[in-house]
Amino acid sequence: MKRSLILLVAVVFLLAACGSIQRGETIWQDTPTAPQKNESLTVFCMGGQKDSAMFQLALNRYQELYPEISVELIKPETDSTDYEAEEELFQQVAAQIMAGEGPDVFIVNDRVMDVEKLVRQGIFADMEPFFQADDFDWTPYHKTVMDGGVWDGKRFVVPLSYDFPLLITSRTALEETGFDMDVCRDYQGFIDETTRYMEDPTQTRQLFRQPLIIADIVGFSGISVADYDTQTIDLSAPLFKAGYQWYKTTMEKNTNDYNDYTDDMSLYGAAAVRDGNVLWTPPIQGALSGFYNDFGAIKTVDDAVMMPIRDEKGGIQARLKFPVAVRANSENLQNAYDFIKLLLSSEIQCVVSGEKLSVLNSANEYFFQQTVQGKIYHIKAGTNGFVSTANPDEALDWPTEEDFRQFMEYANEITGTYYASHLGLGGAMYAFVYENADYEETLKAAQRKLELYITE
């Protein structure tokens, strides 16, 4: 409860700050500028250990390259599971940023920060001139993902990694259930086939081991509901209603999360698929982790199968992870650029990649090669009953080169991106999904809430 309160306070603060800047003014605010000194660099990071490690490694390298620059890393002193401490620190830093103070470079907490709204209010610096002046080569990076940080040709946000919705099962499960993957070529087809499956009384497998996250429902569907230019909200798309009705059904049908699999979090879903309890497992820690862990575990006992959840047009939407931005009125913009350039380099991306997909394509290839050679990590044999057919000491059969190419082909099919907050739609539709409220009444309330929000 306390963590939820902290998040709420942070959201209220951010929205209030946003409203005070934008109300009665133009939709796009001029980016404030400050005389440049480039004498120091302060960086704020929050997140898991790998994220902090990435920033620390980049700062160490930055200090070697620019010993005359004073550098500082601000991060939670506790581990990444202490969410209260992390959110309290974020709230403090957010207040500084809104006041035009604080760190030069910071991780954007997109769970509570509306990225586009902040961009339009001039909170973030446009770093595109620095990339252009440096003739930065974007060819090795995932273009669609990197473009998720660009508005009107201005690069306000730089993603470091990304994720996309991936489901994993076994060939046996598909044959036993008759689930038709060919129908799932777009979002409507996915809803139709999974709904048909859930409503079939002869099916004994639950659709998912645990439901997807409500905040992602609109995000990975590709449905556009907000027009920031006209400050309007449109929730009338038939797929909007279909998506939330589908999610409500999955919650009602998800009667057992199969927590009896307790040896290792990453193999819960694979064990449930293997034992005939569920049809699909949405990887808990993201597509990349699921590809190596769940997919690799199922490979030890069956043919493993993966399927992305496609958007309304048949493409794939990626959620941007750990985006970084620069305070618009920083006095150290060149220093900030040099640091971000290091974060994007293969030197940093290859060392700490692997938790989420790297925006640098070669880093994903590097991680694959290191993993299959046993140089990254392993899960001990017997975890949730899995034993590798190739190495008796491990639980997984590592994906093959062909498996990896298929996985990366899905990544190459990404046609759009989104941020986690997505206007708070999940919260706006909460009453319908979880409290059996009337859809139309919930929709009206959501419409009023979001219209007020976008015009503040």
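Me: Hi! How does H15 pass H16, in a left-handed or a right-handed crossing?
Reply: Hello! H15 passes H16 in a right-handed crossing. Keep in mind that this is a predicted model.

Me: Which residues make that contact?
Reply: From H15 you have Asn364, Glu365, Phe368 and Gln369, and they meet Glu401, Phe404, Arg405 and Met408 of H16. Sorted by class, the contact of H15 with H16 has 3 nonpolar, 2 polar and 3 charged residues.

Me: What is the angle between the two, and how far apart are their axes?
Reply: Helix H15 (residues 361–372) packs with H16 at an angle of about 155°, and the axes are 12 Å apart. Angles over 145 degrees count as roughly antiparallel, and H15 and H16 are therefore roughly antiparallel to each other.

Me: What does H16 lie across?
Reply: Helix H16 (residues 401–412) lies across strands E6, E13, E15 and E16. Relative to E16, the helix runs at about 65°.

Me: In what order do those strands sit in the sheet?
Reply: The order is E15-E6-E13-E16, in an open sheet of 4 strands with mixed pairing. Strands E15 (357–358) and E16 (414–418) stand at the edges with a single partner strand each, so one side of each has no neighbour in the sheet.

Me: How do E6 and E13 pair, parallel or antiparallel?
Reply: Strand E6 (residues 161–163) and strand E13 (residues 316–321) pair in the antiparallel sense, over 3 bridges. Aspartate 163 stands opposite arginine 319 in E13, and serine 161 has lysine 321 of E13 as its bridge partner.

Me: And how many bridges join E13 to E16?
Reply: There are 4 bridges between E13 and E16, and these two strands run parallel. As one example of a partner across that pair, glutamine 317 has glycine 416 in E16.

Me: How many residues of E13 are buried?
Reply: 6 of the 6 residues of E13 are buried, so the strand is largely enclosed by the rest of the structure. Both faces are covered: Ile316, Ala318 and Leu320 are buried on one side, and Gln317, Arg319 and Lys321 are buried on the other.

Me: Is aspartate 403 buried or exposed?
Reply: Aspartate 403 counts as buried, because its relative accessibility is 13% and the cut-off for buried is under 20%.

Me: What does aspartate 403 touch?
Reply: Leaving aside residues up to four places away in sequence, aspartate 403 touches Phe291, Phe295, Lys299 and Met306.

Me: New topic: how do H8 and H9 pack?
Reply: Helix H8 (residues 187–198) and helix H9 (residues 238–253) pack at an angle of about 30°, with 10 Å between their axes. H8 and H9 are therefore roughly parallel to each other, and H8 passes H9 in a left-handed crossing.

Me: Which residues meet there?
Reply: H8 brings Tyr187, Gln188, Phe190, Ile191, Thr194, Thr195 and Met198, while H9 brings Leu239, Ala242, Gly243, Trp246, Thr249, Thr250 and Lys253. By class, the contact of H8 with H9 has 7 nonpolar, 6 polar and 1 charged residues.

Me: Last one, the whole protein. How many helices and strands are there?
Reply: The protein has 19 helices and 16 strands. Of the 456 residues, 55% are buried. Among contacts between residues at least 6 apart in sequence, 79% join residues at least 24 apart.

Methods:
Residues are numbered from 1 along each chain as its sequence is written. This is a predicted model: local features need pLDDT of at least 70, side-chain atom pairs count only at pLDDT 80 or more; totals for chains, interfaces and linings use all residues. Side-chain values use heavy atoms; hydrogens and water are left out. Two strands pair if DSSP finds at least two bridges between them. Contact means heavy atoms within 4.5 Å. Axes are lines fitted to C-alpha atoms, for helices over the stretch in contact, and angles run from 0 to 180 degrees between N-to-C directions. Angles under 35 degrees count as roughly parallel, over 145 as roughly antiparallel, 65 to 115 as roughly perpendicular and the rest as oblique. A crossing is left-handed if the near helix is turned anticlockwise from the far one by less than a right angle, and right-handed if clockwise. Ala, Val, Leu, Ile, Met, Phe, Trp, Tyr, Cys and Pro count as nonpolar, Asp, Glu, Lys and Arg as charged, and the others, Gly among them, as polar. Buried means under 20% relative accessible area, exposed over 50%, partly exposed in between (1.4 Å probe, protein chains only).
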